Amino acid sequence: HGSSMKSSTHWLSVFALLACSEVACGFHLSAPALFRAGEVGCTSSTKVLRSQVLHCANNRNLCSVSMQQAKTVSPVTGLEGGLPDKFWEWKGYKIRYQSAGEENKGPSLVLVHGFGGNADHWRKNTPELAKAGFRVFAIDLIGYGYSDKPDPQSMDAVNGELTRDLESYLRFAPEGAERYGPVGETPFTDMAHPLGSGYNFFTWADQIRDFIEEVVGAESFAICNSIGSCAGMQAAVDHPEWLRGVMICDPSLRLLNVKRQNPIGVPFVTAFQTLLRETPIGEGFFSLVAKEETVSSILKTAYGNPETVTPDLVQAILKPGFTENAPRVFLDFISYSAGPLPEEQLHILSSAEFTTGDRPRVPVSVLWGENDPWEPLDMGRVYEKFACVEEFVPLAGAGHCPQDEVPELVNPRIVDFVKRHS
């Protein structure tokens with residue numbers, strides 16, 4: 001690969017700039033960031049990180065050693081002073097969760113984090129919602145937080161794509177739907193992970209369903225952020241008998257999904273993903289950005305108010321990156337450029353099968369930070385058109401993670417939504 005390494009330095013430059021502008025370590029990846037990367041202004045920290053990544057490209061053995069060191073770090077646990085960690089065995093895998101108010105008599109809530117997040121990202125919500133009389137459970141999806149992170153190609157026991165007829169979702173596609181289109185279009189094509197990985201929304205939907213049945217023990221409301229919104233809504237689509245409602249906070253628009261892209265640009269994105277996934281560059285980069293100052297800087301970009309990015313938050317996002325196989329899961333997920341879109345899930349939940357048929361109706365509440373730089377509010381407003389969406393609430397001053405930034409606004413909204421449907 002010696003000759004190809006020089007040609008890859010352009011990709012590395014793009015990725016370094018992208019990461020410094022809109023990507024945290026295992027946190028987010030967006031198409032706008034990818035295509036604006038060349039126009040992003042370089043701060044001094046960006047220049048330093050860019051030079052580190054280019055150094056990695058020319059010292060591949062050094063990067064490999066760095067990643068081996070990361071993989072052998074002693075086991076870490078959740079935040080000090082936080083809720084106790086609990087573990088549930090799911091089909092042979094250890095799943096971490098936290099809970100509060102299990103003894104309460106009120107409705108049950110399952111809180112679902114976003115890409116790179118974990119149960120600690122709900123630390124300002126779980127105990128407060130329990131005080132409102134709810135039974136509250138915050139879960140780490142498989143592959144994230146302190147849940148197990150198996151090899152993506154060795155997950156047949158839980159891979160949700162293997163237990164479904166993915167083509168069956170085509171029955172919901174509008175007549176004449178285009179395969180490629182802007183936010184709001186619902187073609188229902190390209191539902192399978194392009195690599196056959198077990199890290200997909202069908203797997204996570206089944207995990208949520210089984211968690212509700214085996215641990216919560218009662219129908220529940222799914223309260224979700226970012227990518228977790230797609231997991232929660234897929235659980236509602238496939239297992240509506242267990243979901244009484246879904247609230248999605250700043251759902252991922254999935255702008256790198258092939259159904260979003262012009263076909264001309266698909267090879268560009270695919271090559272970018274392959275470079276990161278199949279060479280030491282991706283893991284080497286992961287080890288370089290898995291640092292407190294880098295994670296803090298990028299979280300301050302994502303949050304509407306940088307002052308809400310505290311040392312506890314940085315640790316909550318950073319520490320799980322040092323668990324075994326975390327870089328592999330991160331690199332696998334950024335190759336997940338297919339699968340269901342949020343609007344496809346909303347379309348199904350608004351269909352006659354759910355509104356007038358035998359399947360339970362599942363109402364959806366949408367909260368959206370007005371200052372979200374990753375998932376723009378104006379692009380998301382198209383979700384208001386779906387019949388299952390009963391409210392679309394902009395949140396002043398909030399960015400991409402409003403449950404952590406403005407819990408004083410989000411928690412009352414959760415309480416109101418749950419009480420309306422209890």
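Student: Which unit do strand 3, helix 5 and strand 4 make, and what is its handedness?

Tutor: This is a predicted model, by the way. In it, strand 3, helix 5 and strand 4 make a β-α-β unit, and that unit is right-handed. The two strands of the unit pair with each other in the parallel sense, over five bridges. For a spot to look at, find Leu109: its bridge partner in strand 4 is Val136.

Student: What does strand 3 pair with besides that, and in which sense, parallel or antiparallel?

Tutor: Five bridges join strand 3 to strand 5, and these two run parallel. Here you can look at Val112, whose bridge partner in strand 5 is Cys224.

Student: How do I read which way the side chains of a strand point?

Tutor: The general idea is that in a regular strand the side chains alternate between the two faces of the sheet. Now take strand 3: Ser108, Val110 and Val112 point one way, while Leu109 and Leu111 point the other way.

Student: Is strand 3 buried or exposed?

Tutor: Five of its five residues are buried, so strand 3 is largely enclosed by the rest of the structure.

Student: Let's zoom out. In what order do the strands of the sheet come?

Tutor: The sheet is open, has eight strands and runs 1-2-4-3-5-6-7-8, with mixed pairing. Its edge strands are strand 1 (86–90) and strand 8 (389–395), each pairing on one side only. From one strand to the next, the twist averages 25 degrees. An antiparallel case is strand 2 with strand 4, joined by four bridges; there, Tyr97 stands opposite Ile139.

Student: Which strands does helix 17 touch?

Tutor: Helix 17 (residues 407–420) packs on the sheet and touches strands 3, 5, 6, 7 and 8. Its direction makes about 170 degrees with that of strand 8.

Student: And how do I read a pair of aromatic rings?

Tutor: You describe such a pair by the distance of the centres and the angle of the planes. The structure holds 19 aromatic pairs. In one of them, the rings of Trp88 and Trp90 have centres 6.1 Å apart and planes at 25 degrees, so the pair is stacked. Phe115 and Tyr144 are edge-to-face, with 5.9 Å centre to centre and 90 degrees between the planes.

Student: Why does the pair of Phe115 and Tyr144 tie parts together?

Tutor: Phe115 lies in the loop between strand 3 and helix 5, and Tyr144 in the loop between strand 4 and helix 6, so their pair ties together parts 29 residues apart in sequence. Both residues are buried. They also belong to one aromatic cluster, whose members include Trp204 and Tyr336.

Student: What sits over the ring of Tyr336?

Tutor: The charged end of Arg254 does, 4.7 Å from the ring's centre.

Notes:
Residues are numbered from 1 along each chain as its sequence is written. This is a predicted model: local features need pLDDT of at least 70, side-chain atom pairs count only at pLDDT 80 or more; totals for chains, interfaces and linings use all residues. Side-chain values use heavy atoms; hydrogens and water are left out. Two strands pair if DSSP finds at least two bridges between them. Axes are lines fitted to C-alpha atoms, for helices over the stretch in contact, and angles run from 0 to 180 degrees between N-to-C directions. Contact means heavy atoms within 4.5 Å. Rings of Phe, Tyr and Trp (its six-membered ring) pair if their centres lie within 6.5 Å; planes under 30 degrees apart count as stacked, over 60 as edge-to-face and the rest as tilted. Buried means under 20% relative accessible area, exposed over 50%, partly exposed in between (1.4 Å probe, protein chains only). A charge sits over a ring if NZ of Lys or CZ of Arg is within 6 Å of the ring centre and within 35 degrees of the ring normal. A crossover is right-handed if, with the strands pointing away from the viewer, the path from the first strand over the helix to the second runs clockwise.
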